[in-house]
Amino acid sequence: MEIIIRNAIKEDCLRMLELIQELAVYEKEPDAVTVSFDHFVESGFGENPVWFAFVAEVDGNKGIGKLLFDKLIEECKAKKYSGMAWQVLDWNEPAINFYKKYDGVSIDKGWLNCMINF
């Protein structure tokens, strides 16, 4: 099985937004995604982008999350960021266990704020 991780392109936006909406449903917040498709595209690929993403192309799905997370860490280090932060719900044990596998990850209580310093 070949896995290719690449920079997201504008044509990936529809599927990425679908995945964001699926995550919101999983997190029991289906109404939390309020961005329009056009705004999502513009904010990532317009004149002043505020986000970037990686996309995995694969025939299966085992291990993709780790590969993407590792790629993100690599990119942050290459850009000389001092670290990165994200959130995970305190009941999302699979995600919490995933993040705990990384050295230097700290996880707060409640709506769990996570960060890793480089």
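Residues 24 or more positions apart account for 58% of the contacts with a separation of 6 or more, a contact being heavy atoms within 4.5 Å. The model is predicted: local features need pLDDT of at least 70, side-chain atom pairs count only at pLDDT 80 or more, and totals for chains, interfaces and linings use all residues. Residues are numbered from 1 along each chain as its sequence is written, and side-chain values use heavy atoms, with hydrogens and water left out.

The protein has four helices and five strands. Helices (H or I, at least four residues) and strands (E, at least two) are DSSP runs, numbered from the N terminus. Their order along the sequence is β-α-α-β-α-β-α-β-β. The C-alpha trace spans about 35 × 35 × 35 Å along its principal axes. The accessible surface comes to about 8,300 Å², by the Shrake-Rupley method with a 1.4 Å probe, where for residues only the protein chains shown count as cover. Carbon and sulfur atoms hold 53% of that surface. Of the 118 residues, 27% count as buried. Buried means under 20% relative accessible area, exposed means over 50%, and partly exposed lies in between (1.4 Å probe, protein chains only).

In soluble globular proteins, nonpolar side chains tend to be buried together. A nonpolar core is here a set of buried Ala, Val, Leu, Ile, Met, Phe, Trp, Tyr and Cys residues joined through side-chain atoms within 4.5 Å. The largest such core has 13 residues, of which Phe69, Met84, Trp86 and Tyr99 touch the most other members. Helix α3 (64–78), strand β3, helix α4 and strand β5 (112–117) each supply at least two residues of this core. Phe69 touches Met84, Trp86, Phe98, Tyr99 and Tyr102, not counting residues up to four places away in sequence. Another core lies apart from it, with eight residues, among them Cys13, Met16, Phe40 and Val41.

Phe40 and Val41 belong to helix α2 (residues 37–45), where the buried residues are Phe40, Val41, Ser43 and Gly44. These buried residues pack against α1 (13–26). In α3, Ile64, Phe69, Ile73 and Cys76 are buried. Helix α3 has 15 residues and reaches 21 Å from its first C-alpha to its last, close to the 21 Å expected at 1.5 Å a residue. The expected span is 1.5 Å times one less than the number of residues.

Most residues other than glycine have a negative phi. Lys80 sits in the loop between α3 and β3. At 72% relative accessibility, Lys80 counts as exposed. Lys28 also has a positive phi, near 60 degrees. Lys28 lies in the loop between α1 and α2 and is exposed, with a relative accessible area of 60%.

Asn92 occupies the loop between β3 (83–88) and α4 (93–100). Asn92 counts as buried because its relative accessibility is 8%. The C-alpha atoms of Asn92 and Glu27 are separated by 8.5 Å, although the two residues are 65 apart along the chain.

Leu23, Tyr26 and Trp91 make a nonpolar surface patch of about 300 Å². Patches are made of residues with over 30% relative accessible area and no salt bridge, with like charges joined within 9 Å and nonpolar side chains (Val, Leu, Ile, Met, Phe, Trp, Tyr) within 5 Å. A salt bridge is a side-chain nitrogen of Lys or Arg within 4 Å of a carboxyl oxygen of Asp or Glu. Leu23 is found in helix α1. Leu23 is partly exposed, with a relative accessible area of 43%.
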